[in-house]
Amino acid sequence: MSAVLESHDHSHDHHGPAKGWRRWVYTTNHKDIGTLYLWFSFIMFLTGGCMALVIRAELFEPGLQIVEPEFFNQMTTMHGLIMVFGAVMPAFVGLANWLIPMMIGAPDMALPRMNNLSFWILPFAFALLLSTLFMEEGAPNFGWTFYAPLSTTYAPSTVTYFIFGVHIMGASSIMGAINIIATILNLRTPQMTLMKMPLFVWTWLITAYLLIAVMPVLAGVVTMMLMDIHFGTSFFSAAGGGDPVLFQHVFWFFGHPEVYIMILPAFGIVSQIIPTFSRKKLFGYTSMVYATSSIAFLSFIVWAHHMFTVGMPLAGELFFMYATMLIAVPTGVKVFNWVATMFKGALTFETPMLYAVAFVVLFTIGGFSGLMLAIAPVDFQYHDTYFVVAHFHYVLVPGAIFGIFAGVYYWLPKWCGNMYDEKLGKLHFWLSFVGMNMTFFPMHFVGLAGMPRRIPDYALQFADFNQIASVGAFIFGTTQLLFLFIVIKTIVSGKKATAEVWDNPEGLEWTIPSPAPYHTFSTPPDVK
Amino acid sequence: MSEKLPGNKKPMNPVKLLAVVLGMFCFGFLLVPIYDVICDVTGLNGKTGDQYVVSERPAVDETRWVTVQFTTSNNADMPWQFSPSEVKMKVRPGEMHGTYFVAKNNTNQRMVAQAVPSVAPFSVAQYFHKTECFCFNQQVLEPGESVEMPLKFFVDADIPDRVSKLTLSYTLFNLPEVAAN
């Protein structure tokens with residue numbers, strides 16, 4: 001043990017990374033951990049993507065041809081869980097690790113060892129979850145929302161692996177969030193007041209608070225499931241005096257803030273990128289901060305709009321309907337601020353900007369379909385149809401995922417010191433843009449026409465739109481291999497990037513050389 | 001470290017954040033009793049209250065009738081015969097009434113069951129009072145045994161005028177774990 005400690009202390013004397021695998025397993029460096037998070041999330045993105053392609057292949061035509069309905073349900077469940085907890089959330093934490101210390105002039109994260117732990121428990125969580133695919137009873141098949149009693153009384157026995165997987169993911173997110181809050185509040189360079197922080201830092205600060213507020217509730221709800229399944233309690237079982245509807249309330253108390261956890265950091269990324277390529281300051285910085293905070297607050301009082309059809313009293317339906325619609329106000333403030341930033345700017349459309357502009361347009365479409373779903377009386381028609389699937393994929397794919405792509409293209413030259421191939425980047429954008437819209441736009445139509453979600457077979461009249469969606473999905477899916485190629489090509493053989501990379505970008509991260517040295521801002525920098 | 005802080009503020013202690021995490025974990029469990037209390041108070045989900053204790057004879061509203069319908073159903077793995085003795089009763093609000101339900105265990109095992117009541121429309125559940133109900137206890141039936149299970153109730157005189165009919169439904173749940181002990 002002492003030998004291990006000594007060698008560890010020893011490695012601190014070099015001001016560079018350790019050699020070999022030890023660099024990655026023992027690292028406490030925020031840049032290394034950021035890189036680990038980003039690669040991990042990309043692997044999960046491809047894994048979850050393959051599951052999506054199984055779903056789309058089965059839905060290419062009506063009838064059952066490729067997979068059994070049981071396996072189809074496992075695919076929809078695992079696709080959702082992996083994309084939410086494995087792809088989007090770790091990607092944002094990875095970006096936070098890389099960028100927040102560089103943006104606020106801190107030498108590292110506030111709690112570097114916990115940072116290492118919070119990343120390294122993730123692979124175990126997903127190993128637990130993915131291992132269920134190879135078990136006799138198969139993977140969880142009750143949908144990513146795991147409603148009781150489907151996930152308790154009628155669940156496959158592998159549900160226990162799922163529960164512990166979720167516990168570990170939750171612990172990882174909570175540790176990451178605590179670390180980010182501690183870093184932002186304690187380690188800012190002296191002159192950087194809260195209202196001088198870059199918006200990415202602001203949105204992450206608010207996201208981190210959401211995480212520590214709701215991830216424990218998720219841990220609680222899966223713990224109740226565990227107790228119902230193994231210890232004879234009846235939280236969600238009517239026979240013992242419990243109530244399955246209670247599950248939905250507790251789950252969505254977590255679940256609704258969760259959807260903002262997956263979009264707020266993307267708001268931050270876009271708010272960094274649009275000013276750079278408009279060559280203007282961000283319009284309405286202060287209103288952006290307040291809008292983000294209002295969205296975060298409102299996210300706690302709208303959860304029941306996911307369950308309008310459970311039989312709520314009219315007063316409840318009305319309250320949750322109006323509260324939900326209220327979110328459109330701060331969100332609208334943000335969208336108009338982005339548009340106003342671009343207005344009369346000297347615009348250029350490099351790949352990060354293309355993704356950012358597509359984010360603004362397509363996220364707004366997703367927002368509007370969200371408003372439609374918020375209207376309680378019509379939600380009875382849309383509930384559990386493909387319209388819902390179209391809605392949340394419009395906010396998550398061109399929202400969260402395009403936001404992450406934009407951020408990776410924007411900061412990749414700073415991370416690895418090389419410029420990505422602009423032509424290939426644009427090709428990646430246009431293929432993703434076309435593929436994504438082709439996949440999800442037709443889902444609006446089949447949803448409004450009544451096609452239910454989470455089914456392996458469908459009525460004949462939905463066949464045309466489903467074929468278009470499946471072709472789009474395969475275009476979008478294979479395009480992401482191009483992204484992998486672009487990133488590797490940039491790291492291996494890209495042209496050298498300058499320290500500024502872009503045309504006069506704002507932010508402390510552009511004042512350090514490219515690639516960013518292993519240790520930055522050992523002394524706090526000055527800010528105006 | 002403190003000289004790096006903006007101004008002279010004391011560094012924020014991450015342990016406080018951990019306390020928030022623990023607090024929210026408990027809050028998740030706290031939602032269970034909160035939910036029950038809210039359902040009891042408002043009658044959400046058609047949940048009827050526990051045994052109602054009448055302190056004085058309730059006033060009877062002689063001006064109108066309310067029809068109370070009785071329905072029964074069995075949960076998934078419940079083989080008993082289970083039915084109301086009468087399908088509906090016309091009652092005056094405030095008037096005490098009694099009826100009974102019949103259950104028969106047709107299997108060749110001793111079984112334990114629990115009946116769970118629900119009132120529709122949900123919004124009037126709080127006006128339906130049970131002073132005596134078999135649903136307050138578990139029912140044990142030997143093979144082939146049948147039982148008449150009593151219910152005593154009254155409809156609150158404060159029930160809104162627009163309501164002329166309500167339905168009381170019972171779902172019977174099998175409790176094999178209880179029967180095994």
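Two residues are in contact if their C-beta atoms, placed from the backbone, lie within 7 Å. The model discussed here is predicted.

Me: Which element gives the most to the side of chain B that touches chain A?
Reply: The contact takes 28 residues from chain B and 32 residues from chain A. On the chain B side, the elements that give two or more residues are helix H1 (14–42) and strand S5 (111–120) of chain B. With 13 residues, the one that gives the most is H1(B).

Me: How many charged residues has the side of chain B that touches chain A?
Reply: This side draws on H1(B) and S5(B) for two or more residues each. By class, it has 21 nonpolar and 5 polar residues, and the charged ones number 2.

Me: Which helix provides the largest share of the side of domain 1 of chain A that touches domain 2 of chain A?
Reply: The assignment for chain A gives domain 1 (31–251) and domain 2 (263–517), and their C-alpha centres lie 19 Å apart. The contact takes 41 residues from domain 1 of chain A and 43 residues from domain 2 of chain A. Helices H3 (30–58), H4 (69–104), H8 (199–230) and H9 (244–261) of chain A each give two or more residues to the domain 1 side. The largest share, 12 residues, comes from H4(A).

Me: Are H10(A) and H16(A) parallel, perpendicular or oblique to each other?
Reply: The axes of helix H10 (residues 264–278) and helix H16 (residues 386–416) of chain A come within 9 Å and cross at roughly 40°. Angles under 35 degrees count as roughly parallel, and 65 to 115 as roughly perpendicular. The two helices H10(A) and H16(A) are therefore oblique.

Me: How many charged residues has the contact of H10(A) with H16(A)?
Reply: H10(A) passes H16(A) in a left-handed crossing. The contact is made by residues including Ala266(A), Ile269(A) and Ile273(A) of H10(A) and Gly399(A), Gly403(A) and Tyr410(A) of H16(A). By class, this contact has 7 nonpolar and 3 polar residues, and of charged residues it has none.

Me: Which residue is the bridge partner of Phe128(B) in S8(B)?
Reply: An open sheet of 4 strands in chain B has the order S2-S4-S8-S6, with antiparallel pairing. Its edge strands, each pairing on one side only, are S2 (81–84) and S6 (128–133) of chain B. S6(B) pairs with strand S8 (residues 146–155) of chain B in the antiparallel sense over 5 bridges. In S8(B), the bridge partner of Phe128(B) is Val155(B).

Notes:
Residues are numbered from 1 along each chain as its sequence is written. Chains are lettered from A and ligands numbered from 1 in the order in which they are written. This is a predicted model: local features need pLDDT of at least 70, side-chain atom pairs count only at pLDDT 80 or more; totals for chains, interfaces and linings use all residues. Axes are lines fitted to C-alpha atoms, for helices over the stretch in contact, and angles run from 0 to 180 degrees between N-to-C directions. Angles under 35 degrees count as roughly parallel, over 145 as roughly antiparallel, 65 to 115 as roughly perpendicular and the rest as oblique. A crossing is left-handed if the near helix is turned anticlockwise from the far one by less than a right angle, and right-handed if clockwise. Ala, Val, Leu, Ile, Met, Phe, Trp, Tyr, Cys and Pro count as nonpolar, Asp, Glu, Lys and Arg as charged, and the others, Gly among them, as polar. Two strands pair if DSSP finds at least two bridges between them. Domain bounds come from an automatic or database domain assignment.
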